[in-house]
Amino acid sequence: MKLTILGCHSATPRTNTNPTSQVLEIKNRMFLIDCGEGTQVELRRNKIKFSRIKHIFISHLHGDHCFGLVGLISTFRLLGRDTDLNIYAPKGLKEVITLQLKLSDSWTNYNLYFHELTSKSSELIYEDDKVEVHTIPLDHRVYTNGFLFKEKIGERKLDMNAVLNHNIDVAYYRKLKQGFDVEDNDGNLIKNETVTKPPLKPKSYAFCSDTAYNESILPIIKNVDVLYHESTFLEKNEQLAEPTKHSTAKQAASIAKQANAGTLILGHYSTRYDDLSLFKQEASEIYSETIKLAKDGRQFNFD
Ligand SMILES: [Zn+2]
């Protein structure tokens with residue numbers, strides 16, 4: 001599982017910082033999460049192949065999370081894309097994008113599917129044989145979802161030393177990986193757990209931006225391996241967090257602690273702060289596990 005931060009600041013693009021966007025690679029799938037202005041430039045800078053992006057998840061319709069989308073859709077068309085693009089976003093974005101494409105006579109030559117979100121409860125919005133994605137309803141000024149990406153439990157691993165001690169036909173290896181007992185060539189029953197090892201623990205990633213401090217997300221993100229939680233403000237500016245429905249670094253750390261998250265990544269910093277190390281310092285007073293600071297262009301590997 002690999003996360004690339006394309007942008008992690010709030011509000012406006014600036015000379016050296018971008019609004020929110022990130023790419024999650026999980027089980028060889030590539031998911032784009034939010035698409036602030038500048039996303040396509042950052043995708044190029046980070047050498048991420050546009051054609052690998054087939055699913056885009058948009059948390060909410062504030063500009064710093066989606067103003068890069070119509071540009072990206074348009075660039076895909078200019079590059080001759082022919083694969084489908086799926087967009088999971090709050091209801092309303094389809095109308096905005098469709099109007100822009102219509103008025104500029106720029107219809108895509110690939111299929112564009114909008115999956116409009118309206119539910120205030122967590123729901124499964126994407127699933128394939130290896131990964132599933134659930135929404136995390138957040139508390140913000142407009143309808144907002146975070147997203148929980150979860151690997152499914154994989155197959156058992158063959159213990160080749162043990163397997164080769166038995167006269168097992170290679171054709172049965174698949175059955176063994178699926179957890180079945182098999183017979184060897186002499187008719188002996190081979191118990192699965194004697195020749196296989198359990199699958200690797202599935203990984204999970206929760207993206208939570210933008211949101212006020214919100215304990216109701218805890219059951220959804222419990223024991224998540226990696227939690228990205230917005231920390232727009234430091235505690236000294238908590239009076240700004242409340243009316244704008246954002247969080248402080250201290251609040252993000254408190255959510256991470258209560259959720260028993262393995263790693264906390266902080267981001268969505270207000271542009272008023274120059275020294276981002278203060279965010280880590282504030283969070284580490286609450287949360288003793290690994291804390292990382294998101295930074296544009298920074299990659300995190302979780303293998
Ligand atoms: Zn917002």
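Buried means under 20% relative accessible area, exposed over 50%, and partly exposed in between, using a 1.4 Å probe on protein chains only. By that rule Phe57 is buried, and Tyr88 is buried too. This is a predicted model, in which local features need pLDDT of at least 70, side-chain atom pairs count only at pLDDT 80 or more, and totals for chains, interfaces and linings use all residues. Residues are numbered from 1 along each chain as its sequence is written, and side-chain values use heavy atoms, with hydrogens and water left out.

**Zinc site**

- His60 (NE2), His62 (ND1), His140 (NE2) and Asp210 (OD) coordinate the zinc ion at 2.2 to 2.4 Å.
- Donors are N, O and S atoms within 2.8 Å of the metal (3.2 Å for Na, K and Ca); water is not among the atoms, so sites may look incomplete.
- Along the chain, the donors follow the spacing H-x1-H-x77-H-x69-D.
- His60 sits in the loop between β4 (55-57) and α2 (63-66), and Asp210 in the loop between β14 (204-208) and α8 (218-221), so this pair links distant parts of the chain, 150 residues apart.
- Helices (H or I, at least four residues) and strands (E, at least two) are DSSP runs, numbered from the N terminus.
- The arrangement is irregular because the four donor atoms subtend angles of 88 to 174° around the zinc ion.
- Four donors count as tetrahedral if all angles lie between 85 and 135 degrees; four count as square planar and six as octahedral if opposite donors are over 155 degrees apart and all others between 65 and 115; anything else is irregular.
- His60 counts as buried at 0% relative accessibility, and Asp210 counts as buried at 1%.

**Nonpolar cores**

- A nonpolar core is a set of buried Ala, Val, Leu, Ile, Met, Phe, Trp, Tyr and Cys residues joined through side-chain atoms within 4.5 Å.
- The largest has 54 residues, and Phe57, Phe147, Phe149, Tyr205, Ile221, Leu227 and Leu266 have the most contacts inside it.
- Helix α10 (residues 249-259) gives the most to this core, with six residues.
- A second, separate core has 24 residues, including Met30, Leu43, Ile53 and Ile97.
- Leaving aside neighbours within four places in sequence, Phe149 is in contact (heavy atoms within 4.5 Å) with residues including Leu24, Phe31, Phe57 and Tyr205.

**Aromatic pairs**

- There are 14 aromatic pairs in the structure.
- Rings of Phe, Tyr and Trp (its six-membered ring) pair if their centres lie within 6.5 Å; planes under 30 degrees apart count as stacked, over 60 as edge-to-face and the rest as tilted.
- Phe31 and Tyr126 are edge-to-face, because their ring centres are 5.3 Å apart and their planes stand at 75°.
- Phe31 lies in strand β3 (residues 29-33) and Tyr126 in strand β7 (residues 124-127), so the pair ties together parts 95 residues apart in sequence.
- Phe31 counts as buried at 1% relative accessibility, and Tyr126 at 10%.
- Phe57 and Tyr88 are stacked, at 4.5 Å centre to centre with 10° between the planes.
- Phe57 is in strand β4 and Tyr88 in strand β5 (residues 85-90), so this pair ties together parts 31 residues apart in sequence.
- Phe31, Phe57, Tyr88, Tyr126, Phe147, Phe149 and Tyr205 form one aromatic cluster.
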